[in-house]
Amino acid sequence: MLVVERRQTIIVGCGHRAGIVPIAEQVLLARVVDALHSGRRLPDHRPVGLIGLVGIIAGVIVAGDADRLAHRGRLAALGQAFEHAIILRSATTREGSGAVVRTILAGTDALFWNWLSFLREQFVAFVGLIVLVRLPST
């Protein structure tokens, strides 16, 4: 059963905003350059600052919550695997369980770094790509 935590929804929501922000900044910058080139009055600069602030806040929230969520997942996987290794070791083998525990630690570390990089970077890049593909050309 899939349990969705509050942090997961926060990461997804902030990841969407962090993925949209660079594109929105470029669109607003293009409007400013367009206005400068054509000699029109410059558009209001406050949305650019607001979008930048939203991007910074979303990035900080994604980084912190993704780290917590990845650590929590690593600890849960490590606990389950360690419990299984200890039960398996006492029931089936006479050798030490050091190699099994070392393998479990290496596996959970790899899982942690995969989840962390996905939540911090790849998800945000994927959202930006989706926004770019769906952005209408003018």
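The side chains of R120 and D67 meet in a salt bridge, with 3.6 Å from N to O, the term being used for a side-chain nitrogen of Lys or Arg within 4 Å of a carboxyl oxygen of Asp or Glu. This pair links distant parts of the chain, since R120 belongs to helix α3 and D67 to helix α2, 53 residues apart. R120 is partly exposed at a relative accessible area of 36%, and D67 is likewise partly exposed at 25%; here buried stands for under 20% relative accessible area, exposed for over 50%, and partly exposed for what lies in between, with a 1.4 Å probe and protein chains only.

The structure is a predicted model, in which local features need a pLDDT of at least 70 and side-chain atom pairs count only at pLDDT 80 or more, whereas totals for chains, interfaces and linings use all residues. Residues are numbered from 1 along each chain as its sequence is written, and side-chain values use heavy atoms, with hydrogens and water left out.

The protein holds three helices and zero strands, and its elements run α-α-α from the N terminus on; helices (H or I, at least four residues) and strands (E, at least two) are DSSP runs, numbered from the N terminus. Of the 138 residues in the protein, 22% are buried. The protein exposes about 10100 Å², of which carbon and sulfur atoms supply 65%, the areas coming from the Shrake-Rupley method with a 1.4 Å probe, where for residues only the protein chains shown count as cover. Among contacts between residues at least 6 apart in sequence, 76% join residues at least 24 apart, a contact being heavy atoms within 4.5 Å.

Helix α1 covers residues 6-38, and its 33 residues should span 48 Å at 1.5 Å a residue, which agrees with the 48 Å between its end C-alpha atoms; the expected span is 1.5 Å times one less than the number of residues. A kink of about 30° lies at V21 in α1, shortly before the proline P22, the bend at a residue being the angle between axes fitted to the seven residues ending there and the seven starting there. The buried residues of α1 are I11, G13, C14, G15, A18, G19, V21, I23, L28 and A35. Just after α1, G39 takes a positive phi of about 85°.

Helix α2 spans residues 46-92 and includes L53. L53 is partly exposed, with a relative accessible area of 47%, and together with L50, V54, I57 and I61 it makes a nonpolar surface patch of about 410 Å². Such patches are made of residues with over 30% relative accessible area and no salt bridge, like charges being joined within 9 Å and nonpolar side chains (Val, Leu, Ile, Met, Phe, Trp, Tyr) within 5 Å.

Further along α2 comes A63, which is partly exposed at 26% relative accessible area. The C-alpha atoms of A63 and C14 are separated by 9.8 Å, although these residues are 49 apart along the chain. D65, also in α2, counts as buried at 7% relative accessibility, and, its neighbours within four places in sequence left aside, D65 is in contact with R7, I10 and I11. The side chain of D65 also meets that of R68 in a salt bridge of 2.9 Å, N to O; both residues lie in helix α2, three residues apart, about one turn of the helix.

Helix α3, residues 98-134, has 37 residues and reaches 52 Å from its first C-alpha to its last, close to the 54 Å expected at 1.5 Å a residue. There is a kink of about 45° in α3, centred on F118. Along α3, the residues I104, T108, F112, L116, L119, F123, V124, V127 and G128 are buried.

What joins the side chains of D109 and R74? They meet in a salt bridge, at 2.7 Å from N to O, and this pair again links distant parts of the chain, with D109 in helix α3 and R74 in helix α2, 35 residues apart. D109 is partly exposed at a relative accessible area of 31%, whereas R74 counts as buried at 18% relative accessibility. By the rule given for salt bridges, the count comes to three.
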